[in-house]
Protein chains: 2
Amino acid sequence: LERSGHLKAADSPVFSSGSLNQFIAAGKPAWSKARGAVSSLLRHDNPILRDDEALRAKALWPRSVVCMHPPVQIGGYTDFYSSREHATNVGRMFRGEANALMPNWLYMPIGYNGRASTVVVDGTPVQRPLGQIKPQNADGPVFAASEKFDFELEIGFIVGRPSSMGEFLSVEKAQDAIFGFVLLNDWSARDIQAWEYQPLGPFQSKATATTISAWVVLAEALEPFRIDGPRQDPKPFPYLRQRGPHNYDIRLEVALRPRGSDEATTIARTNFGYMYWSSAQQLAHHSICGCAMNVGDLLGSGTISGPEESQYGSLLELTWNGAQPLQLGGGVKRAFLEDGDTLEIHGFCQGAGYRIGFGGCSGTVLPAAMLASARSAAPSVVL
Amino acid sequence: LERSGHLKAADSPVFSSGSLNQFIAAGKPAWSKARGAVSSLLRHDNPILRDDEALRAKALWPRSVVCMHPPVQIGGYTDFYSSREHATNVGRMFRGEANALMPNWLYMPIGYNGRASTVVVDGTPVQRPLGQIKPQNADGPVFAASEKFDFELEIGFIVGRPSSMGEFLSVEKAQDAIFGFVLLNDWSARDIQAWEYQPLGPFQSKATATTISAWVVLAEALEPFRIDGPRQDPKPFPYLRQRGPHNYDIRLEVALRPRGSDEATTIARTNFGYMYWSSAQQLAHHSICGCAMNVGDLLGSGTISGPEESQYGSLLELTWNGAQPLQLGGGVKRAFLEDGDTLEIHGFCQGAGYRIGFGGCSGTVLPAAMLASARSAAPSVVL
């Protein structure tokens, strides 16, 4: 469409490379212009595509015949931990009721740097990781495949405006720097994590893969779905203060299709609106030490859990660390993910008579150390 | 030299871009070939440069008139914690003698993902970070400039061979994938770190800046300086086992030049050979969960401390968290870095009649929130 002259986002072409980065770097007016142009081209009363069969054949492809690639070349990947419900659940399990929420948690969006090199797109199979695990009551660790391989339901956002070393972003500037949002699954090996994470945080337990959906929903498209987040008490420091609604009403569902089954069972339904810290606050906090941000940086929200048990965003919480396995269809039970299981995340915003869809964010668990053979056996798999 | 036909590392030119990444991606034979060619060109009995004044004028520039840039475009930046002395010192200070070393520490190289976007080159000024700090005995944090801004003496290495998701690197393969080594200063805000690091590890306290030296010493050049590291007990898991000497005898010095002074005082002398986990073991561990590595990834050793107090690689250890300030020249004392202080790291290998130099790795501390004005006042500063 750009080549045919019907989609002009910036002064020079931005859609001919293998990722959206060039388009994103063209800046916010370009995002808005492209969004308007695509929307207009798809209208029933616009003849450009509607009446031009040759152009349609070049511009529109059935999803069944295309292979989706990662939408963005990720620079840095940061993962936050901003659902109060999730942080409290995890804290309860590992530190007891009294110390469930760490004292710093209510003062700032807690986060850590993830590994950008293993961010993959919807549909990419994920190999069960190997690592060190300390069995309960054992003196030392064993080397084994993870037995507590889990998902984390998240929303990620893509930074659209670079900031230099020493540049601080206010919450307003941070909001303005957000290009758009994706679904995100932060695959997590709980047993590897439990042994490795002290004192420097999760590392290899989170580096196996992070899956994102194949397209980015522009922040502009979500404007009608802004809602208030939870009341923040204590009142945040001025650099984290925001006015007006900074959360989004995005409905989220997680389904698990066990190995050998055609049927996926919905195991959680929750909403992005539950997040305690907003995406804009996360980005503002990320820049306060002078950290530079680049176009294409990915920031994850952290696991999105709601107050109800059916709204938990991880198997760790849904099965309470495996103690209460989930009952799926056909008498199948799951404590954590088994080989061959497929985990799917879907999300959408519900407007009056329309939906904004985030697509899917799915992955099938391969047995440990089998990825190489899976790759040669299935050349159409995106890796 | 490449353009003049005297430096051919690969089939096509690799030195015309702004970083070494293209050269690195050309592979190990290219590294070796370029090293041999440069060495030959600089010999007294090689007439090519020696007798060609015009070529010399194009190829050789005095260091005083050039501005050094970062040698490599960094993909991912990972920082380890592999000096037993450093980990024990920090543990003693914050958890007491009994729990000084975490139980996982002797089983694997503990590490975390750092922030690649703020890796800067030797000479870049570094702005004191702002952040949240919890004063002793206070109920909650304050928002302020760090008062415990510190350095960490490290060696970094650059990954030279990509590995894909799910590909495991043995220690031997990992050793082979190391392009070369740099000096590294992992600037650290201890007070911000203490408040933020539970439970996900250091984040903003380490994201202000990481300084590396301006050239990379090839792993091949260090072959004559391989030495045994400390004995590893318990015996590492097979995936971490190495044969023969995997440490390097690199002598390291740290000097501090206080604000307003012309004189730098050497505050620590240590050796890279003290590291408990080798660089090859770090890279092998990094890949064991299936994490992909890319050309240009930077892995830091972790603070290099030796057994003696004069060998500690951070002010945290040298001043025991500020309790025993250092005595510098002219009656100046330092607990942590003050504005205007310059921290310099130097390193070299001492051969029989020759040295292999790592150059410098220095930075001057600017007052908090002053970087923007420093930049416009000093246009020659590399940022």
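Visitor: How many residues of chain A are in contact with chain B?

Guide: In this predicted model, 62 residues of chain A are in contact with 62 residues of chain B, where contact means heavy atoms within 4.5 Å. As for the ground rules, local features need pLDDT of at least 70 and side-chain atom pairs count only at pLDDT 80 or more, while totals for chains, interfaces and linings use all residues. Residues are numbered from 1 along each chain as its sequence is written, chains are lettered from A and ligands numbered from 1 in the order in which they are written, and side-chain values use heavy atoms, with hydrogens and water left out.

Visitor: And how much area do chain A and chain B bury between them?

Guide: About 5600 Å² is buried between chain A and chain B, with 64% of it on carbon and sulfur atoms; buried area here is the accessible area (1.4 Å probe) that two parts lose on being put together, summed over both.

Visitor: Which three residues supply more of chain A's share than any other three?

Guide: Those are Met165(A), Leu200(A) and Phe203(A), which supply 15% of the area that chain A buries against chain B.

Visitor: What about salt bridges across the interface, how many does the rule find?

Guide: The rule finds two salt bridges between chain A and chain B, counting a side-chain nitrogen of Lys or Arg within 4 Å of a carboxyl oxygen of Asp or Glu. Arg115(B) forms a salt bridge with Asp297(A), and the closest N and O atoms of that pair are 2.5 Å apart.

Visitor: Which elements give two or more residues to chain A's side?

Guide: In chain A they are the strands β1 (77-80), β2 (111-113), β5 (130-133) and β6 (142-145), together with the helices α7 (190-196), α8 (279-287) and α10 (371-377). Helices (H or I, at least four residues) and strands (E, at least two) are DSSP runs, numbered from the N terminus.

Visitor: How are chain A and chain B related, what rotation superposes them?

Guide: A rotation of 180 degrees with 0.0 Å of shift along its axis superposes chain A on chain B, at an RMSD of 0.0 Å, and that is the relation of a two-fold axis. The superposition is by least squares on the C-alpha atoms of residues with pLDDT of at least 70 in both copies. Of the residues of chain A, Gly201(A) comes closest to the rotation axis, with its C-alpha at 2.0 Å. Because 100% of the interface residues of chain A are also interface residues in chain B, the copies meet through the same surface.

Visitor: Switching to α8 of chain B, how many of its residues are buried?

Guide: Nine of the nine residues of α8(B) are buried, and the helix is mostly covered; buried means under 20% relative accessible area, exposed over 50%, and partly exposed in between (1.4 Å probe, protein chains only). Among the buried residues of α8(B) are Leu283(B), His285(B) and His286(B). Their cover includes β1 (77-80), β2 (111-113) and α6 (171-176) of chain B.
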